[in-house]
Amino acid sequence: MILVKDRTGSKNGTADSTLVGVFDSKRPLYRIVKWLILHIFPPVFRLLYGFRVVGRIPEEKMQNGCISVCNHVHKLDCVMLACVFQDYTMQFLSLESNLHIPVAGAIVRLMGGIGLPAKLDGWQPVLKRIKQGLEEGQMLQIYPEGELIDGCRTLRAFQPGAFQIACWFRKPMIPCLLRFYPRFSKSGRRKRDGMELVILEPVDIPTDKKGKRAATELETQIRCQMEAARLAVGREGA
């Protein structure tokens, strides 16, 4: 993926600079980076965090494109998601500032990171790219909490954008939750808490509601699933 500056003139004549990725999963650079990530990061995550997965990937819902949502609690949580959903091409909507985090930001950009535009008129190229990716059967990952808070253990307030986008494009949503779980050594000594990704049941777009009402219902359903999974920590997994 090559990043370019998209400059869109605003009404007051100033230029709005938004990072917009020219994404192509067939590019050699993307393939090389993805191969390295899938071979290097999984063992590192298992060693550092005891990283594991709870639940199943709903492949039947993902064949024609889907939108996933997850809480934002680690600088490399998008890499964790990419490793879990390695059979799918993923793109990530994130605050533009997150794409400039040293090392982690560069990895996210190369893996399909899309910087949220600072102004309303910057959304056109972003939505165009999202539409193209979904039509190609790709998976769009959005963090509804918006801000990254490293190590956060609560579920923060959601922004409505992820659910509005899902309703616009009529694509199923895959809720995911990154949560911390207690770990113990063989002797019973408490170790640093581990991390696990919980893949929850997919949610279809409501057919009996439209617009804001549909997006609100979708958000409510997904938040309930994620909150229940957060409170179930320690009672699931292997």
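A: Ala, Val, Leu, Ile, Met, Phe, Trp, Tyr, Cys and Pro count as nonpolar, Asp, Glu, Lys and Arg as charged, and the others, Gly among them, as polar. This is a predicted model, where local features need pLDDT of at least 70, side-chain atom pairs count only at pLDDT 80 or more, and totals for chains, interfaces and linings use all residues. Residues are numbered from 1 along each chain as its sequence is written, and side-chain values use heavy atoms, without hydrogens and water.

Q: How many cavities of 30 Å³ or more are there, and what lines the largest cavity?

A: Rolling a probe the size of a water molecule over the atoms shows where empty space is left. Here the whole structure holds 3 such cavities (points on a 1 Å grid over the protein atoms alone where a 1.4 Å probe fits but cannot get out; lining residues have an atom within 4 Å of a point). The largest cavity has a volume of about 90 Å³, the space filled by probe spheres set on points joined across faces, edges and corners. Of its 13 lining residues, His72, Lys75, Ser94, Asn98 and Val108 are the closest to the centre. By class, the lining has 8 nonpolar, 3 polar and 2 charged residues.

Notes. On a 1 Å grid over the protein atoms alone, a cavity is a set of points where a 1.4 Å probe fits but cannot get out, and a pocket is an open set with protein on both sides within 12 Å along at least five of seven lines; lining residues have an atom within 4 Å of a point.
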